[in-house]
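Please walk through this model with me, sheet by sheet and helix by helix.

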Amino acid sequence: MGALDEPLTKLVGDRTAKVLADSLKLRTVGDLLHHYPRRYVERGQLTSLDELEIDEHVTVLARIEKVTLIPFRGRKGDRLEVVVTDGRSRLSLVFFNQGWRQKELRAGAQGLFAGKVGVFNRTRQLVSPDYQLLDEDATASTGEGSAAQQFAGRLIPVYGASAQMPSWKLSICVETALTKHLGDVGEPLPAELRERHDLIPLPEALELIHRPRNQADRERAQSRLRWDEAFVLQVALAQRRAADSALPAKSRRARQGGLLDAFDARLPFTLTEGQQKVSAEIAADLATEHPMHRLLQGEVGSGKTLVALRAMLAVVDAGGQAVLLAPTEVLAQQHHRSIVEMMGDLAEAGMLGGADLGTRVVLLTGSMGVAARRQALLDMACGDAGLAIGTHALIEDKVQFQDLGLVVVDEQHRFGVEQRDALRAKGDQPPHLLVMTATPIPRTVAMTVFGDLETSVLDQLPAGRSPISTHVVPALEKPNFLTRAWERVREEVGKGHQAYVVCPRIGDEEPAGPKAAKKKRQASAEDDLEDVGAESDERRPPLSVVETAEMLVKGPLAGLRVEILHGRLAPDAKDEVMRRFAAGEVDVLVATTVIEVGVNVPNSTAMVIMDADRFGVSQLHQLRGRVGRGSAAGLCLLVSDMPAASPARARLDAVAGTLDGFELSRIDLEQRREGDVLGQAQSGVKSSLKVLSVLEDEEVIVTARAEATRLVAEDPGLAAHPDLRTALESLLDADRAEYLEKG
């Protein structure tokens, strides 16, 4: 065990180590040294007190303005009130029965004060805060001596701390670790790489990130540590790519004059330049004898499904089978319906009127009838079905294939690693993998989150697609705008078009009881993004599909054909509603986010999104992509009660301001934490990135990827780089290693 793996109990004692582990998840010397300061303050640079948020644990640098000891009335005891200031605002510190603190808390002194922000009599306050004074002659309440001496001549680090472990106590622990173990930290970056990129050694970087004398020291340290995070991660991904390349797989090359050629000959349009380019990239991958691992991303409506279908037909041409895994029954049914329509008699092999070159296309979902399900399973197992489309039901053990050659995963962020891995394991050899997402991903995010995949981008819309205009409707500020929104829907319907109304919640709450709970769990497994924000804040409950549809039928849309769609409808009912909507027999579809991806009704030209502020930026972009899919222009109206100056309205304004999905994706990521790039963010663990930003550090990530690829090609097992191997093992704990292994 290396020095960095040493438990903190040996460094700081059992009691402090327990607090560090329980409150900050710091358990080893390495954890502590890589817990970097959140920010730094200079002497005299007082914290802006008016920016403190209620209930937040804070550490502030402030000057004591006034100290008052107030005896309790009618009983023993007293209250010491200390007012601190930043020169503009004030913060009250309150200590009960601790009058002796008057001797050290004197007006004019500066100090660090830590506690949870509360409010009393409309004044922000900290109750019994920890503190450390910065006067040369003052002794801190912690008994650790003068903080002025501790931070002499340096910036004062402020750490992400907790109620039990204020920043300066953490700083003392870090100082101890630096003193004892700085020489044992190793050097994961090869010397020639550090020289090429002018990077300081790791021990010096750790010293300067925790003990910077000035901002230049801090920047040098961050530059080096940023490289550590980028390079170690890219080495992990490069190893994964190399391992994938070494696996055997069947070459799946489309045969001349086969099914793919017959399908292409029937297309009523020409593929876009982007579709042709991406199709060629996929075809080249399928022709190799190791598994394809490719990410296909693109704008809403750019034709990803067509590109994926052509890849699936190429695999069938080569004697294999292909599956398309969709996250919801509605989307699986939509994919099945549209693929069968596009293929025509090529999807009816063995049936009366079916083409000789054809195959069968089967659908498998969790709620299918027994007879239909049995037939689909049989067709897949014996190989009659070249294409299978379905939901999580495809992953079950009883589902077997004769020769699975390609797995296509649609909207992969809706699936867990285990689900994708279970489907890929159904082939005798690893099948080729194509992951699709309609959520555009900035280049550097794709190189980290999907760094073990090759990436293809479709950024061209097919000819005939119309622009979509988007507007924010401030329902509370300007009620007449909402009235006008419903008038616009009527006008579109009057022109022979159709419209969507999207709500965050279903509104048909299930009755209590175990059967109902089980039913709801089963529904949510395939419609897991419905009921958005149902308990997200203290505002009124979000609008529901059921209530909104009833309001519209009785009010502004009276006389129109209005129907509802959500995940808890019976499968046959969902399919029937979508069929009737696609056939133009429904004017307005009131739905949840079940229509977010894949639903393609070219005659739909208008969408009204209720409580739009409850949805994410990328999700709003996906939703509005359901309109403007034909020759008529699309209209998307974002209805919100939020005030004009709120962050929520700023998000909506951003969506209304651009149709560029990549730009919106960047905005979305800037507003949320980047999460753990190894995929663990979904389970809520802390990010493995501390100084590297996948949005801002593009140059570092791109260069680190190239360096990592070169090094892994020369030394796949990192035999000549033991410190890098150790850093990699630290990054890839058991869960993350499994994620990459299955990814």
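**A parallel pair and its sheet**

Strand β20 (residues 604-609) pairs with strand β21 (residues 634-640) in the parallel sense, over 4 bridges. Helices (H or I, at least four residues) and strands (E, at least two) are DSSP runs, numbered from the N terminus. Two strands pair if DSSP finds at least two bridges between them. The bridge partner of V608 in β21 is L637.

This is a predicted model: local features need pLDDT of at least 70, side-chain atom pairs count only at pLDDT 80 or more, and totals for chains, interfaces and linings use all residues. Residues are numbered from 1 along each chain as its sequence is written, and side-chain values use heavy atoms, with hydrogens and water left out.

Now widen the view. The open sheet has 6 strands, in the order β16-β21-β20-β17-β19-β18, and the pairing is parallel. At its edges stand β16 (468-474) and β18 (562-565); each has a single partner strand, so one side of each is left without a neighbour in the sheet. From one strand to the next, the twist averages 20°. Helix α21 (residues 647-657) packs on this sheet and touches β16 and β21. Contact here means heavy atoms within 4.5 Å. The direction of α21 makes about 160° with that of β16. Axes are lines fitted to C-alpha atoms, for helices over the stretch in contact, and angles run from 0 to 180 degrees between N-to-C directions.

**The seven-strand sheet**

Another open sheet has 7 strands. Their order is β11-β12-β10-β13-β14-β9-β15, and the pairing is parallel. Its edge strands, β11 (360-364) and β15 (454-458), each pair on one side only. The twist averages 20° from one strand to the next. Helix α12 (residues 329-343) packs on the sheet. It touches β10 (321-325), β11, β12 (385-390) and β13, and its direction makes about 170° with that of β11.

Strands β13 (residues 404-410) and β14 (residues 432-437) run in the parallel sense and share 5 bridges. V408 stands opposite L434 in β14.

The loop between α13 (370-382) and β12 holds G383. Leaving aside residues up to four places away in sequence, G383 touches Q321 and Q402. Its C-alpha atom is 7.2 Å from that of D403, 20 residues apart along the chain. Is G383 buried, exposed or partly exposed? It counts as partly exposed, at 25% relative accessibility. Buried means under 20% relative accessible area, exposed over 50%, and partly exposed in between (1.4 Å probe, protein chains only).

**Helices and their faces**

Helix α9 (residues 259-266) packs with helix α11 (residues 304-317) at an angle of about 145°, their axes 8 Å apart. From α9, the contact uses L259, L260, F263 and D264. From α11 come L306, L309, R310, L313, A314, V316 and D317.

Next, helix α2 (residues 14-24). Its buried residues are A17, L20, A21 and L24. They cover an arc of only 115° around the axis, which puts them on the same side of α2. That arc is taken over the directions from the helix axis to the C-beta atoms. The buried residues of α2 pack against α1 (9-12) and α5 (167-181). The face turned away from the buried side carries the exposed residues D14, R15 and K18. After α2 comes K25, with a positive phi near 60°.

**Positive phi in loops**

Most residues other than glycine have a negative phi. S128 has a phi near 45°. It lies in the loop between β6 (123-127) and β7 (130-133), and is partly exposed at 37% relative accessibility. L718 has a positive phi of about 60°. It sits in the loop between α23 (698-714) and α24 (722-731). L718 is buried, with a relative accessible area of 0%.

**The whole chain**

The protein chain has 25 helices and 21 strands. Of its 743 residues, 54% are buried. Among contacts with a separation of 6 or more, 73% join residues 24 or more positions apart.
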